[in-house]
Amino acid sequence: MSSPMRGVFEAALAEEGVPTPANIIETTSIQATLQLLQTSDSLAVLPRSVLRRPLEGGQYVILNRVIGKPLDYYGIVSRRGEVLPSAAQELIGYLREEARKDHYPSRGEEAVASVL
């Protein structure tokens with residue numbers, strides 16, 4: 001099963017007339033992704049914040065493309081009737097407060113494709 005971001009990325013490639021690559025590596029490790037970009041001819045979708053310093057050093061370039069629509073929203077799952085520890089309740093309160101704020105960048109600004 002592939003990640004939601006992979007589906008969005010593959011759809012963006014298809015819109016550009018580019019077929020899905022045959023050789024795909026999917027990882028949640030940003031360090032592994034950066035290493036793969038440096039040692040192979042590949043693409044990745046990464047947050048701009050991760051690439052800030054490597055971009056300044058000229059190691060990577062940005063492909064200016066808006067990739068898909070925002071991913072589905074996340075939720076909080078807990079057992080019905082179970083009282084959560086106070087730390088968990090505090091974290092959930094904080095997450096809900098942040099979710100109500102509209103301070104996140106638009107989808108196109110948040111994710112970029114980069115190549116070596």
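Buried means under 20% relative accessible area, exposed over 50%, and partly exposed in between (1.4 Å probe, protein chains only). The model is predicted: local features need pLDDT of at least 70 and side-chain atom pairs count only at pLDDT 80 or more, while totals for chains, interfaces and linings use all residues. Residues are numbered from 1 along each chain as its sequence is written, and side-chain values use heavy atoms, with hydrogens and water left out.

**View A. Salt bridge between Glu82 and Arg79.** The closest N and O atoms of this pair are 3.3 Å apart; a salt bridge is a side-chain nitrogen of Lys or Arg within 4 Å of a carboxyl oxygen of Asp or Glu. Arg79 counts as exposed, at 63% relative accessibility, and Glu82 as partly exposed, at 44%.

**View B. Salt bridges of Arg6 with Glu10 and Glu26.** The N to O distance is 2.8 Å for Arg6 and Glu10, which both lie in helix H1 (residues 4-15), four residues apart. Helices (H or I, at least four residues) and strands (E, at least two) are DSSP runs, numbered from the N terminus. For Arg6 and Glu26 the closest N and O atoms are 3.1 Å apart. Glu26 sits in the loop between H1 and H2, 20 residues from Arg6. Arg6 is partly exposed at 28%, as is Glu26 at 37%.

**View C. The largest nonpolar core.** Its six residues are Leu34, Leu37, Ala44, Leu46, Leu51 and Tyr60; such a core is a set of buried Ala, Val, Leu, Ile, Met, Phe, Trp, Tyr and Cys residues joined through side-chain atoms within 4.5 Å. Helix H2 (30-39) and strand E1 (43-47) each give two or more residues to this core.
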